[in-house]
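Dear colleague,

Please find the structure below, followed by a summary of what was found in it.

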Amino acid sequence: MSDLAKVNSLISWLREKGGHFHESAEIKIDSETGVSPFSTASIGPDEGLVSCPFELAITADLASQAICEVKGIKSEDLVWPVGTSKEGEIWNERMRISAYLGLHWIYKEKDEQLPSALAHSPYIEALPSTSNLTTPLYFSSAELDLLKGSTMYQAVNARKQEWKAESDAIRSVLKEDGLTWDRYLASATYLSSRSFPSKLLRRPEEGSVTHEAKKDEESQPVLLPGLDLFNHSRGQPILWLSSNKTHRTGKDTSSISLVSTEITEKGVQLYNNYGPKSNEELLLGYGFVIPNNPDDVVMLKLGTSGLPLPIIEKLKNKKFDANKLFELRRNGEIDKSLSEIMRIMLNEHDCNDHDEIDEDDEHALHQHEEDELQLEMDVLGMLGGMLDDKLEKLQTTHKVEEKEGEVRSEIRKMCDIYKQGQIDILNAAMDKISERIERIEGLLDEGMGGCPCGC
């Protein structure tokens, strides 16, 4: 069965189960985005493009129940096995949903009747082939080398190590050799690239027929068959809406829908909007990037090992987390908390707060102002050195040439776009730092107008 036929079978199954797929939408194969929905006629605003009943959602709870039923075990058995680094910990959502998907593949391979608990065969059949997955964990060694010098390179290796440990744990507990690393990589990638926040599965409040999800609600990843057929377009006006509907059988059901909020012309691709995401997040989780992405960031982390105890205590007292990741955006502005943390780290001689300065002591006030400016210069110098080091690594490896045939052209293009975005952001920040240094140097050179006391 072709990819197109599998997706159309999924849509038929979705409709049979009480879901909806707009009559003026059809699935086509696009040269860039693959299997995608297109409009066959104009679609008006406030029309639902697709809906998925809550009962078809693949949640971690549904996955746990199904796994236990199929394997004849209890939910408390779904924990990391003895001898692992997380011994006794409950499986996370990714592990449970991935194991659920994997059991479908195993029974299909055995050519046995699918247990009733494995209820998503049409959906899983319609998932794209792993040959079409373009997240960095599917890169060749030469392709992955294109990311050297970036934070993405370390993130890929860390994710691979984390997921491999999860795969081994699942295989050990369920005693299913068919739950291979390759299958876990596929299922975990489907989840990272196709999942929705579970907050969407909130039923409308009593007296209301709809519920619009709020972005600040806590959530877990879930798979929603049908909704994940729509690719991402930044800024696309779309609404995720939970509602109560009556199926043609007369049964009331709660569903989650993608609703168009503006007129869609005939013959165009229909998109979802995944929200503001950097190219690092898009590439690692979804396998694509956006040229000149306005939401792009460079992630910064300070090296805090070996800090003197008084510095650590002062950071703690001021409620600063020096180990957090700081975002550097396209405007080049530096996070104020990052600058303050660096001030504390560099001001080692003054781990306690300054003694109060006599406001009538003009000499002391002037000296304090000069000290503060010099400290600011030190912070800017340290920060500039850190950014310059990242910039040099990116620019050095940015021009590495690979052997012919080792790198797919679309992968090279994605890596170039991702790394150029990182370079642009770092250059913008370096410009801001240079401007600030010049202003402070001017003040220091002029002696800040000289000490009022005339010394």
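Lys 277 is buried, at 15% relative accessibility (buried means under 20% relative accessible area, exposed over 50%, partly exposed in between, with a 1.4 Å probe and protein chains only). Lys 277 forms a salt bridge with Glu 281, the closest N and O atoms being 3.2 Å apart; a salt bridge is a side-chain nitrogen of Lys or Arg within 4 Å of a carboxyl oxygen of Asp or Glu. Glu 281 is partly exposed, with a relative accessible area of 39%.

This is a predicted model, in which local features need pLDDT of at least 70 and side-chain atom pairs count only at pLDDT 80 or more, while totals for chains, interfaces and linings use all residues. Residues are numbered from 1 along each chain as its sequence is written, and side-chain values use heavy atoms, with hydrogens and water left out.

The whole structure holds 20 salt bridges. One of them joins Glu 376 to Arg 343 (3.1 Å, N to O). Glu 376 belongs to helix H11 (residues 362–397) and Arg 343 to helix H10 (residues 336–346), so this pair ties together parts 33 residues apart in sequence; helices (H or I, at least four residues) are DSSP runs, numbered from the N terminus.

Yours sincerely

Key. Helices (H or I, at least four residues) and strands (E, at least two) are DSSP runs, numbered from the N terminus.
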